Amino acid sequence: YLPNKCEGKKYPAVIIQHGSGSPNYEFYKNTALALNRRGIVALVPNSFSARGISSTGKDQSQLSKATRIYDSFSAFRYLQSLSCVDAKRVGITGYSFGGIISIDSVETALAEKLGNGHVYKATLPVYPSCQAAFITTDPTNTHVHILAGEKDDYTPASYCVDFAKVKKTNGWKIDITILE
């Protein structure tokens, strides 16, 4: 999704990572178009269709986290190749499993190998599961802001509160907003 006039100027960009459901939900298109209206390029990668997957909600083993992370960095490298994208101002957001991917994508070891010399400017994980994390962690200089739902019983906010505290002690620029 490109702003109306994407030539002759460098725009910021956002990668919108879908969750375990279809990336074809109208929500993703509407989010991308809202970003475009603000002069932001948006990319919604589809980790499912080329692999013959329609959803992973009932079976996460259909698509590994490593593959999803690789897909996000492939999208990142693609955006870097566009003449109208400022590669130093690319962020990533994700919903549910996509939120997990947006958090893990700020690990230095991954960014150095897959980011083509760039790191994400910021990440906005929305209701991610915060129950698993790398044992050894070394974050990039990326700001992480988690949005979690107070009454969410599928991806409880309490896990993300604890997760953010631990990440901060490991040098992460991370905070969290709990929404009623």
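Helix α3 gives the most to the lining of the second largest cavity, with three residues. Helices (H or I, at least four residues) and strands (E, at least two) are DSSP runs, numbered from the N terminus. On a 1 Å grid over the protein atoms alone, a cavity is a set of points where a 1.4 Å probe fits but cannot get out, whereas a pocket is an open set with protein on both sides within 12 Å along at least five of seven lines; lining residues have an atom within 4 Å of a point. The model is predicted: local features need pLDDT of at least 70, side-chain atom pairs count only at pLDDT 80 or more, and totals for chains, interfaces and linings use all residues. Residues are numbered from 1 along each chain as its sequence is written, and side-chain values use heavy atoms, with hydrogens and water left out.

The second largest cavity has a volume of about 30 Å³, a volume being the space filled by probe spheres set on grid points, which are joined across faces, edges and corners. Its lining consists of I100, I103, D104, S129, C130, A132 and F163. By class, five of these residues are nonpolar, one is polar and one is charged; here Ala, Val, Leu, Ile, Met, Phe, Trp, Tyr, Cys and Pro count as nonpolar, Asp, Glu, Lys and Arg as charged, and the others, Gly among them, as polar.

The structure holds two cavities of 30 Å³ or more. The largest cavity, with a volume of about 40 Å³, is lined by I103, D104, E107, A132, A133, F134, F163, K167 and W172. Two or more residues of this lining come from each of α3 (97-104) and α5 (157-169). Six residues of the lining are nonpolar, none is polar and three are charged.

Attention now turns to the largest pocket, which holds about 200 Å³ of space. It is lined by 15 residues, of which A13, V14, G91, I92 and A122 are the closest to its centre. Strands β1 (11-17), β3 (85-95) and β4 (122-126) each supply at least two residues of the lining, and β3 gives the most, with five. The lining of the largest pocket comprises nine nonpolar, four polar and two charged residues.

These strands lead to the sheet. Strands of a sheet pair through backbone hydrogen bonds, either parallel or antiparallel. In this structure an open sheet of six strands has the order β2-β1-β3-β4-β5-β6, with parallel pairing; two strands pair if DSSP finds at least two bridges between them. Because β2 (41-43) and β6 (173-179) stand at the edges with a single partner strand each, one side of each is left without a neighbour in the sheet. On average, neighbouring strands of this sheet are turned by 20° against each other, direction ignored. Axes are lines fitted to C-alpha atoms, for helices over the stretch in contact, and angles run from 0 to 180 degrees between N-to-C directions.

Within the sheet, three bridges join β4 to the parallel strand β5 (residues 143-149), where L147 is the bridge partner of V126. Helix α1 (residues 26-37) packs on the sheet and touches β1, β2 and β3 (contact means heavy atoms within 4.5 Å); its direction makes about 170° with that of β1. Helix α5 also packs on the sheet, touching β5 and β6, and its direction makes about 160° with that of β6.
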